[in-house]
Amino acid sequence: MPALACCVDAAVSPQPYAFSGWDSVLPASPPSHNTSSVASASAVPAVWSPAHSALLYRVDGWGAPYFTVNSNGNVSVRPYGPDTLAHQEIDLLKIVKNASAPKTLGGLGLQLPLIIRFPDVLKHRLESLQCAFDFAIESQGYQAHYQGVYPVKCNQNKFVVEDIVKFGSGFRFGLEAGSKPELLLAMSSLCNGSPEALLVCNGFKDAEYISLALVARKLHLNTVIVLEQEEELDTVIEISKKLEVRPIIGARAKLRTKHSGHFGSTSGEKGKFGLTTMQILRVVKKLHDHDMLDCLQLLHFHIGSQIPSTSLLADGVGEAAQIYCELVRLGACMKVIDIGGGLGIDYDGSKSQDSDSSVGYSLQDYASAVVQAVRLVCDRKGVKHPVICSESGRAIVSHHSILVFEAVSTSSHDAPQISSHGLQYFLERLTDDALSDYRNLSSAAIHNEYDTCLLYAEQLKQRCVDQFKEGSLGMEQLAAVDALCELVSNAIGVSDSVRTYHVNLSIFTSIPDFWGISQLFPIIPIHRLDERPAVRGILSDLTCDSDGKIDKFIGGESSLPLHELEGNRGVNGDGGASYYLGMFLGGAYEEAIGGVHNLFGGPSVVQVSLREGPHGFAVTHAILGPSCGDVLRLMQHEPELMFETLKHRVEEFSSSDGGSSSMALINGLACSFNNMPYLAAASSCSLTAAGINGYYCCDDEDYAAAAADTVTAEDEQWSYCVA
């Protein structure tokens with residue numbers, strides 16, 4: 001056992017400099033010491049398959065029925081849910097490659113990150129919600145119908161809202177607004193919808209908001225003004241008389257029913273919105289006094305988003321139904337009970353009632369519980385069944401949108417090395433106390449005393465850090481002790497093998513709910529799922545902010561199983577194969593809430609529909625993400641003036657280099673204003689790519705083609721960006 005003998009010699013020798021090769025000297029540690037591997041050796045199958053990845057990442061839980069792992073190891077989208085045929089599945093990787101490939105190669109030339117929207121999924125979600133309520137109504141003998149509204153705050157994107165109005169027009173699906181711009185959006189959109197569709201006006205209201213809502217009534221839109229505050233009624237009465245419009249009024253009730261999760265904070269007696277029972281009674285009296293009690297036709301409430309169980313749901317709906325029946329008794333011309341939002345989705349695939357990231361019911365369970373709760377109360381009170389309305393935004397739009405981004409590099413994880421000469425050089429500079437720690441470490445290694453090894457390694461490292469701070473130890477010696485301690489940890493099996501994957505993304509812009517409220521979303525590689533992930537990692541974004549990382553994942557995990565990057569994927573690397581990750585179920589709120597921290601704008605967007613053809617899909621809309629100039633403009637800067645300032649500076653200080661060099665610099669600066677803020681390959685850098693005198697001249701045809709889907713006739717182009 002020469003290695004062990006070497007270790008013994010090192011421990012007792014007056015000159016302990018010969019001790020090296022810690023990774024081979026230290027004995028193998030028990031399996032219990034190493035908990036960071038993706039799977040234990042006994043649990044890893046001999047041959048990895050896409051099915052194993054589907055199980056590992058819980059795809060069949062949170063992804064059903066819209067996402068699956070195909071035989072090629074890529075994520076596929078099933079646009080018609082369970083009704084999707086095998087040949088109708090859309091390979092997500094094909095979309096990403098088509099969108100990001102240069103136009104010269106037949107692609108769209110879009111830069112990542114990329115949002116991919118599937119209107120077919122959106123349509124299926126709407127139809128599924130309607131079918132669930134239709135079935136519950138028919139099976140229970142309910143004597144009214146269901147007609148939902150989409151709360152546009154969940155995703156105000158033009159194409160999303162227009163698609164919902166179009167897909168929902170056959171079953172009177174409407175919109176809900178919570179602000180004046182949302183109301184304007186809803187009014188114009190519903191001009192193309194069903195005339196019976198509801199336009200529900202929620203949120204705090206001033207005279208202008210109420211005037212807009214009453215104008216909507218004049219335009220024959222089925223508008224309901226929901227009172228969030230008691231004093232709003234006076235404004236409604238006053239303006240409606242001036243405009244000679246008979247309003248339809250709703251009241252939002254504060255229920256006693258409340259769920260305890262994060263999303264339940266807006267419910268209960270102390271909730272942010274709504275009227276107490278005493279305030280509702282005063283509203284009824286005032287309407288009666290103004291001969292307008294017939295205008296009160298809707299009762300609204302909201303238990304909270306992500307309602308975890310149908311028992312809590314039924315409790316809240318039952319309480320609201322009692323209030324509804326009381327309003328009927330008091331003479332109101334009640335017609336609609338609006339149960340608000342709360343229909344949750346299963347972000348982690350656990351189908352659990354005890355988590356903000358999951359729910360313990362299906363779509364059908366939800367609809368059946370609502371219909372039954374309303375029916376039982378109304379039948380008991382002898383009240384005609386009301387129309388049931390819901391505001392299920394999260395459940396409608398979450399699945400239809402996928403955020404795809406690229407891992408561009410990973411933290412180095414090379415095994416530390418230290419030569420005998422390097423070790424000797426290191427030990428010669430140690431204090432007596434540090435040298436004693438080294439000898440004790442060597443002795444503990446011989447006797448397989450793992451905890452003692454770690455204790456002395458940490459103690460040695462701290463003494464060396466103190467020496468370095470005092471100036472008696474150089475950087476080379478500090479690096480040597482780091483390598484030595486890393487070798488000890490590796491040999492014992494307690495080193496932290498979780499890597500940091502650097503992703504071309506801003507979490508604050510694209511996944512703000514993770515940062516803001518610790519909302520977890522399913523994040524997985526969208527390809528290479530026929531390979532076993534060899535490492536675990538966390539994700540670090542581009543922002544200069546320590547919060548710009550994702551280190552919590554579904555299933556209570558603090559790291560994510562990932563694959564090794566192929567080649568050097570850094571933006572300055574050799575262009576190895578891309579490694580794409582997808583964030584799923586993020587179609588609600590993320591786009592609307594995201595900011596521009598570090599001036600990173602939103603992603604590029606494509607809209608994809610199922611089509612016959614070689615790829616099986618067609619990109620119906622493609623929008624390049626905001627440029628550097630766009631995000632600067634958001635912060636009241638003027639990119640055109642900024643460019644002029646820089647242009648004059650170039651002309652002032654580059655006059656000696658000749659005109660062609662100055663023009664190349666000016667062209668490069670113009671392109672930088674027009675490019676997205678995210679990282680791009682070194683070959684595409686507008687200031688350093690090969691071109692005239694070593695600079696790149698932006699071709700106006702290439703730029704115009706890449707931006708063709710985003711620039712309207714009114715938008716200005718950079719006239720300087722020419723070859």
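## Strand β20 and its partners

I116 has V606 of β20 as its bridge partner. This is a predicted model; local features need pLDDT of at least 70, side-chain atom pairs count only at pLDDT 80 or more, and totals for chains, interfaces and linings use all residues. Residues are numbered from 1 along each chain as its sequence is written, and side-chain values use heavy atoms, with hydrogens and water left out.

Strand β4 (residues 114–117) runs parallel to β20, joined by 4 bridges. On β21 (residues 617–623) the direction is antiparallel, with 6 bridges to β20. There, Q607 pairs with H621. Two strands pair if DSSP finds at least two bridges between them. Helices (H or I, at least four residues) and strands (E, at least two) are DSSP runs, numbered from the N terminus.

Strand β20 (residues 604–610) is largely enclosed by the rest of the structure, because 7 of its 7 residues are buried. Buried means under 20% relative accessible area, exposed over 50%, and partly exposed in between (1.4 Å probe, protein chains only). Both faces are covered. One side holds S604, V606, V608 and L610; the other holds V605, Q607 and S609.

## Helix α13

Helix α13 (residues 363–381) has 19 residues. At 1.5 Å a residue it should span 27 Å, and its end C-alpha atoms are 28 Å apart, which agrees. The expected span is 1.5 Å times one less than the number of residues. G382 follows α13, with a positive phi near 70°.

The buried residues of α13 are Y366, A367, A369, V370, V371, A373, V374, R375, V377 and C378. An α-helix has 3.6 residues a turn, so residues three or four places apart point the same way. The cover over the buried residues of α13 includes α6 (119–140), α12 (310–329), β11 (336–338) and β12 (387–389). Contact means heavy atoms within 4.5 Å.

## S240 in helix α10

S240 sits in helix α10 (residues 232–243). S240 is buried, with a relative accessible area of 3%. Leaving out residues up to four places away in sequence, S240 touches L214, V245, P247 and M292.

## C544, an annotated position

The UniProt annotation "active site", from an unreviewed entry, covers C544. UniProt positions are given in the numbering used here, feature names are shortened, and annotations may be inferred rather than shown by experiment. C544 lies in the loop between β16 (535–540) and β17 (549–550). At 73% relative accessibility, C544 counts as exposed.
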